[in-house]
Amino acid sequence: MSDTALDITLTVNGETVSERVDARKTLVDFLREDLALTGSHVGCEHGVCGTCTVRVNGDIVRGCLMLAVQCDGATVETVEGLSDSGEIADLQAAFEQRNALQCGYCTPGMLATAQDLLKRAQASRQVPSRDEIREHLSGNYCRCTGYHAIVDAVEAVALARVGGEQ
Amino acid sequence: MKPAPFAYRKAQTLDEAVALLGQHKDARLIAGGQSLIATLNMRLSSPSLLVDLNGIAGLDRIEVRDGMVEIGALTRHVQAERSDAIAQFAPLIARVMPHIAHAAIRNRGTIGGSIAFADPAAELPACLLALGGEVVATGPAGRRTIKADDFFKGLFETALGPQDVLTAVRVPAADANTRIGFDELARRHGDYAIVGLAASARADGTRLADVRLAFFGVGDTPLRARKAEAALAGGDVDAAVAALDLEPHDDVQATGKAKKHLAGVLLRRVAKQLMEPRP
């Protein structure tokens with residue numbers, strides 16, 4: 001048996017997927033090349049830029065710092081899944097309204113990372129401060145916006161979601 | 001870049017992992033992979049086999065017993081960050097956790113991986129040294145413990161042998177007399193620090209005893225500043241700064257001279273923390 005290619009079965013955006021993958025293939029390359037889910041982007045490929053951020057078993061991870069073979073049995077959600085389910089519709093609208101993207105390369109990772117913070121904000125019913133938003137997004141590079149507009153958009157959604165529940 | 005080809009095995013038991021390391025001389029262990037996969041992607045490392053530890057049960061527990069906090073090697077950073085036992089009994093580790101990388105990396109990175117990787121600029125190895133902790137490892141000859149003071153040998157080099165699997169780290173459980181301090185100077189939140197300092201001490205009346213100052217980002221390993229420790233135990237912060245026995249080299253972030261100066265700045269800040277009772 002060759003251990004350089006392995007069969008994996010996982011759930012991606014709600015669908016069960018079974019594929020044979022090279023052991024060396026990262027999760028983000030698997031999503032892009034094998035499943036044609038090109039919403040997750042590849043930037044630095046060493047965990048610094050954050051544009052490959054996806055959710056695995058509900059937690060955000062770097063798609064370039066996890067191997068596809070390690071996702072056997074896992075539940076993976078990409079920006080396509082988050083978008084189609086409507087989970088981040090308000091966040092996407094806020095990004096558009098606030099000009100929180102220009103080229104859009106960082107946006108899938110920004111959305112996944114921001115949604116992680118917003119989910120926690122909803123659970124604790126606390127609106128994060130602008131400093132807390134910046135800190136949570138500090139692992140995601142944006143070379144266009146200068147970040148202010150992104151923080152504006154995330155803050156607006158936090159106020160709307162948490163405020164709306166109070 | 002993409003990794004060079006390698007084989008992958010998910011070990012189900014510790015014995016299996018140790019045996020695989022024996023059979024494949026250039027195999028590497030993978031836990032959280034947050035440093036290893038980056039080096040694979042950049043082809044700084046090209047093992048023939050990756051042995052994944054994530055399927056081994058029981059390595060992600062946090063337990064407090066016999067005056068020690070034992071943190072299983074597969075404990076994720078996020079688990080430690082949210083653990084009540086860590087907050088109460090290993091407050092230094094709780095304090096540093098938000099400074100380590102970013103949420104997406106803390107979700108995946110492990111405590112054992114960080115210690116075994118032994119990055120001289122990382123927070124956790126310095127914490128283990130500052131707390132006078134120990135490492136638990138299993139190899140072909142069985143289980144052994146290694147004191148933190150004997151563990152970090154050189155740049156990314158530890159006392160672990162080629163067939164050793166780090167299974168847990170242990171630190172003394174904090175009590176009412178435990179004092180801790182931590183600070184670091186980094187360009188951006190979550191970046192590797194230019195210089196950092198993790199410290200612990202015991203309150204002895206109005207004085208400090210057992211002062212341990214572990215600097216990181218200043219050498220090939222986390223480093224204790226023993227002369228400064230002695231001076232600080234005597235209550236003299238100025239003397240402690242003057243006695244700082246560090247010789248940092250220049251790196252991409254700062255000159256050695258600047259690092260030495262910043263180490264003094266950090267020592268003054270951390271000394272203040274050590275002298276205050278914990279809330």
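These legends walk through a few close-up views of a predicted model.

**View 1. The two domains of chain A.** Chain A is split by its domain assignment into domain 1, covering 5-82, and domain 2, covering 86-165. Going by C-alpha atoms, the centres of domain 1 of chain A and domain 2 of chain A sit 22 Å apart.

**View 2. Where domain 1 of chain A meets domain 2 of chain A.** Here 13 residues of domain 1 of chain A are in contact with 14 residues of domain 2 of chain A. On the domain 1 side, look for β3 (53-56) and α2 (79-84) of chain A, each of which brings at least two residues to the side that touches domain 2 of chain A. The largest share of that side belongs to β3(A), with three residues. Sort the residues of this side of domain 1 of chain A by class and you get six nonpolar, six polar and one charged.

**View 3. The three-stranded sheet of chain B.** Now over to chain B, where three strands make an open sheet in the order β1-β3-β2, with parallel pairing. The edges are taken by β1 (7-10) and β2 (28-30) of chain B, and each has a single partner strand, so one side of each has no neighbour in the sheet. On average, neighbouring strands of this sheet are turned by 30° against each other, ignoring direction. As a bit of background, strands in a sheet pair through backbone hydrogen bonds, and the pairing can be parallel or antiparallel.

**View 4. A closer look at β1(B) and β3(B).** These two strands run parallel, and four bridges join β1(B) to β3 (residues 49-52) of chain B.

View 5. Helix α1 of chain B, residues 14-23, lies across β1, β2 and β3 of chain B. Compare α1(B) with β3(B), and the helix runs at about 170° to that strand.

**View 6. Where chain A touches chain B.** This contact draws on 26 residues from chain A and 27 residues from chain B. Three elements of chain A, namely β4 (59-62), α4 (107-124) and α5 (130-136), each supply at least two residues of the side that touches chain B. Which of the elements gives the most to that side of chain A? That would be β4(A), with four residues. By class, the side of chain A that touches chain B holds nine nonpolar, 10 polar and seven charged residues.

How values were computed: Residues numbered from 1 in each chain as written. Chains lettered and ligands numbered in written order. Predicted model: local features only at pLDDT ≥ 70, side-chain atom pairs only at ≥ 80, totals over all residues. Domains from an automatic or database assignment. Contact = placed C-beta atoms within 7 Å. Nonpolar A, V, L, I, M, F, W, Y, C, P; charged D, E, K, R; others polar. Pairing = 2+ DSSP bridges. Axes fitted to C-alpha atoms, helices over the stretch in contact; angles between N-to-C directions.
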